[in-house]
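Hi everyone, thanks for coming. Let me put the structure up, and then we can walk through it together.

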There are 2 protein chains.
Amino acid sequence: MREAYRVELDELAVELAGMCSMVATAMESATRALLDADLGLAEQVIGDDVKVDDARSACEEHAYALLALQAPVATDLRTVLAAIHAAESLERMGDLALHVAKAARRRHPQPVLPEQVAPLFREMGRVAVELARKAEQVILTKDVDQAHALEDADDEIDDLHRHLFTVIMDKDWSNGVAAAVDVTLLGRFYERFADHAVSVAKRVVFVVTGRMPGASHDEVV
Amino acid sequence: MREAYRVELDELAVELAGMCSMVATAMESATRALLDADLGLAEQVIGDDVKVDDARSACEEHAYALLALQAPVATDLRTVLAAIHAAESLERMGDLALHVAKAARRRHPQPVLPEQVAPLFREMGRVAVELARKAEQVILTKDVDQAHALEDADDEIDDLHRHLFTVIMDKDWSNGVAAAVDVTLLGRFYERFADHAVSVAKRVVFVVTGRMPGASHDEVV
């Protein structure tokens, strides 16, 4: 029975890791759609979001079934609850990739990003995808050191995000208000995506160590 | 035993309702701080946010204890899980009120909002606070009709949010890029606050009816 339960928990972890992979791919494609004004790719991300939502429902139902049938306690209970939280964060990450894709679609065939900030978004996209892929590894390995490493990558996004604001606010910004609004929201989507990835990793740390690392700092510059 | 469990669930609902009330007050004060450039009030909201975080931890620990000690099934299990989700949404609502307060503090003694959009924020603030207070009632009464009424108020925020974008994007916008960036982010905070309030209410509907109402539409204009 105990062994069967362990197997079920491992399956749940595999499902969550699958969600990480889905949202990493979504953000990768959305970023490409944004940078290349690629409508087809944007549509694909938009169409695929329902799969992330379905995966979240499946994870949640799986977790509910575990709770109802096995009534776990102690670490096993924490693990199942962490999985429920992680699934919620991952669905949200999917939504944020969706928002990026929708922005690319909305302005098509115009590019959303002024050339001046495109490299920043290329970089934010790269780090965001890396964070989702690292969260996947953390879920599968439960490696606490790896989980802490996510916070460094998150700092990188925060730095990029802050730099983005200095660019938009600079007197040399010649792209007008509408572009500034788009870029502001897009920057926020990447930053939140990264925060959620970190939060997924922190929940894993909590399960392993029994202690929650410091609160995520959703700082707005 | 059964009766004791019911009492515990009711206590958990009272704790959550208390969180609703806290975040409603936080958003009310943050909005006032924003509109009146009131630094003292902004500081108060910023200082009080830790109370929301603590309340969330307390709710979550209470819910964990219920799960570990009572091993609920069926509706009772759903109720406890809904409470865990609601506590997470409510903490996030507190964070969003905090962001509004921080914006007010950052620009002090300058007002953050151009006069042109101040009435829109007054209105978004009013509806956001109303939503949090309605969520409080829904948690205490478990009234499904009242829960559905939240979606109407949420539509109101979405309309205001959309209108805000038309104002910022209009050629008559004479407040510059920096103000547009501030206003864009602030608008987003109100909209997300409202989405979370609706999500809290939807979880209650789910517990009562066993069916989740339609997905929240976090649409970005």
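Before anything else, a word on how I name elements: helices (H or I, at least four residues) and strands (E, at least two) are DSSP runs, numbered from the N terminus. With that in hand, over residues 122-204 of chain A the chain is 90% helix and 0% strand, with end C-alpha atoms 28 Å apart.

Now the ground rules. This is a predicted model, where local features need pLDDT of at least 70 and side-chain atom pairs count only at pLDDT 80 or more, while totals for chains, interfaces and linings use all residues. Residues are numbered from 1 along each chain as its sequence is written, chains are lettered from A and ligands numbered from 1 in the order in which they are written, and side-chain values use heavy atoms, with hydrogens and water left out.

The UniProt annotation "domain: PhoU", from an unreviewed entry, covers residues 18-103 and 122-204; positions are in the numbering used here, feature names are shortened, and annotations may be inferred rather than shown by experiment. Residues 18-103 of chain A are 94% helix and 0% strand, and the end C-alpha atoms lie 25 Å apart.

So how do chain B and chain A meet? Counting contact as heavy atoms within 4.5 Å, 39 residues of chain B touch 39 residues of chain A. Together they bury about 3500 Å², 61% of it on carbon and sulfur atoms; that is the accessible area (1.4 Å probe) lost by two parts on being put together, summed over both.

How many salt bridges cross this interface? The rule finds four, a salt bridge being a side-chain nitrogen of Lys or Arg within 4 Å of a carboxyl oxygen of Asp or Glu. A:R78 and B:E61 meet in a salt bridge at 3.3 Å, N to O. On chain B, the elements giving two or more residues to the side that touches chain A are α2 (39-70), α3 (74-107), α5 (144-169) and α6 (176-209). The largest share, 12 residues, comes from α6(B).

A:D195 and A:R192 form a salt bridge at 3.1 Å, N to O. These two, A:D195 and A:R192, are separated by about one helical turn because they are three residues apart in helix α6 of chain A.

That's my tour, and I'm happy to take questions!
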